[in-house]
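Q: Can we walk through this model together? I'd like to start where the two chains meet.

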Amino acid sequence: MDITKVIYKIVENPKSLANYVLLRDFYTNCGQEDLAKSIDVLIEVRRVSNNSSDAQQEQSGS
Amino acid sequence: MLNKNNQVADTVKSISQFGIDEIIIGTYKPINIKHRNLKIVTLLESNDYAADLNKLTEGARHEWLAYFKEGEVVVQADFDLQNKIYGFQILKNDIILKEARLWHKSHNLKFKNPVFEKLNADIDEVIETIVYDGSENDPKVQHLLERWSKANPFLNDCYYYKAFIALSEKRLKDFKSLISHYLFNSNTDISTTMARYYLAMVQGLFEDETNLAIQNLILCLAENPLMAEFWCLLGDIFYKNKHYDRATELYKNGLVLGSRRLKFDLWPMQISKYQEYPNTMMASCDSILVNSRKIYMPTSR
């Protein structure tokens, strides 16, 4: 996997969690555990904020 | 330290409070400063600051050596010395640089670069020593750089410094051309990655070369994804192009990943890019998006 392609995907679609998972897996496979952990933190922050914006949208739609 | 432009008094005062045994100042002009443990060495007018510093360090009596530039003030010093090359945190305006400044004589380090003198060494450890750099620009720099460049026409480092002088004078086309030459002939390290970041800044914010800027920033992030500066600049480029949603997400990445940086890593840091700036920009994006939704919201009947 080419890391620049993964980062390009993130820049193209920075909301998509799947792209961050790819980045985390890249660092895990390279043995860069600290970076993998940092991306995991970002994934978690994004998961929480995605859930809360989904909930807001549902509320405003109901 | 070298006295180039009579800015040494505050530096000496700040260093001496940390109980340093001997302060050596090489000076090109008469200097009127008195202090305990001060040794003043008169130097002939020179075109090579690194060579002058190497002479000064040869005459130092002590085992441990620290180097300061005139105009710098030590605001905090805390270290427990082992046999390592230590980096100080140099604070100038909003930016913290990490530079090798404290070492044991046995390392036999030399200064390099006749114009922008620095130790020819990699840092083993950055320590809790903060130096505020209040120096003014050296008026001789341009002249010395020209001489250095003429003497070494193919030396890549000359392109680097000429590029940043061009940038400081807002000669953006010259900057792009010089820094591109430098990058083409350099291996990737912190210095080249930061040079690429500044190239991306010029391309993305001043030259309408959005795609090139993004390509360069992707290369920067591939080197270090924890640099909030890189994410913020991507955010700025999308903000400039009115993609406020995407800009917000990129600023958010800067906030989260930037907070994961190690306190004493070797990369520079622009302090505001780690909280204040992305928060301000995200608020601005939010307000623009809210207002645009109001404009397009159909009125109820």
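Predicted model: local features only at pLDDT ≥ 70, side-chain atom pairs only at ≥ 80, totals over all residues.

Q: Which helices of chain A supply residues to the side that touches chain B?
A: α1, α2 and α3 (33-61) of chain A each supply at least two residues there.

Q: And which one gives the most?
A: α3(A) does, with nine residues on the side of chain A that touches chain B.

Q: What classes of residue make up that side of chain A?
A: By class, the side touching chain B has 13 nonpolar, three polar and four charged residues.

Q: How many residues are in contact across the two chains?
A: On chain A, 20 residues are in contact with 18 residues of chain B.

Q: What area do chain A and chain B bury between them?
A: About 1,700 Å². Of that, 73% is on carbon and sulfur atoms.

Q: Back to B:Glu249. Where is its place?
A: B:Glu249 sits in helix α9 of chain B.

Q: Is B:Glu249 buried or exposed?
A: B:Glu249 has a relative accessible area of 7%, so it counts as buried. The cut-off for buried is under 20%.

Q: What is B:Glu249 in contact with, leaving aside neighbours within four places in sequence?
A: Its contacts are A:Pro14, A:Lys15 and A:Arg46.

Q: How far apart are the C-alpha atoms of B:Glu249 and B:Trp231?
A: They are separated by 9.4 Å. Along the chain, B:Glu249 and B:Trp231 are 18 residues apart.

Q: Let's look at B:Thr248 next. Where is that one?
A: B:Thr248 is in helix α9 of chain B. B:Thr248 is buried too, with a relative accessible area of 15%.

Q: Which backbone oxygen does the side chain of B:Thr248 reach?
A: The backbone oxygen of B:Tyr244, at 2.8 Å.

Q: What else is B:Thr248 in contact with, beyond four places in sequence?
A: B:Thr248 is in contact with B:Met282 and B:Cys285.

Q: New topic: α8(B). How many of its residues are buried?
A: Eleven of its 13 residues are buried, so α8(B) is mostly covered. Among them are B:Trp231, B:Cys232, B:Leu233 and B:Leu234.

Q: How far does α8(B) reach from its first C-alpha to its last?
A: α8(B) reaches 18 Å, close to the 18 Å expected at 1.5 Å a residue.

Q: What comes just after α8(B)?
A: B:Lys242, which takes a positive phi of about 65°. B:Lys242 lies in the loop between α8 and α9 (244-258) of chain B.

Q: Is B:Lys242 buried or exposed?
A: B:Lys242 counts as exposed, at 60% relative accessibility.

Q: What is the phi of B:Asn37?
A: B:Asn37 has a positive phi of about 65°, although it is not a glycine. B:Asn37 is in the loop between β2 (23-27) and β3 (38-42) of chain B. With a relative accessible area of 31%, B:Asn37 is partly exposed.

Q: Now α7(B). How many residues does it have?
A: Helix α7 of chain B has 14 residues, 210-223. α7(B) reaches 20 Å from its first C-alpha to its last, close to the 20 Å expected.

Q: Which residues of α7(B) are buried?
A: The buried residues include B:Ala213, B:Ile214, B:Leu217, B:Ile218 and B:Leu221.

Q: What covers the buried residues of α7(B)?
A: The cover includes α1 (3-12) and α2 (17-29) of chain A. It also includes α6 (190-206) and α8 (228-240) of chain B.

Q: Last one, α5(B). Which residues are buried there?
A: B:Phe175, B:Lys176, B:Leu178, B:Ile179, B:Tyr182 and B:Leu183.

Q: And what covers them?
A: The cover for the buried residues of α5(B) includes α4 (156-168) and α6 of chain B.

How values were computed:
Residues numbered from 1 in each chain as written. Chains lettered and ligands numbered in written order. Heavy atoms only, no water. Helix = DSSP H or I, 4+ residues; strand = E, 2+ residues; numbered from the N terminus. Expected span 1.5 Å × (residues − 1). Buried < 20%, exposed > 50% of the residue type's maximum accessible area, 1.4 Å probe, protein only. Contact = heavy atoms within 4.5 Å. Buried area = accessible area lost by both parts, 1.4 Å probe. Nonpolar A, V, L, I, M, F, W, Y, C, P; charged D, E, K, R; others polar. Polar contact = N/O pair within 3.5 Å; in protein donor to acceptor, adjacent residues only side chain to side chain.
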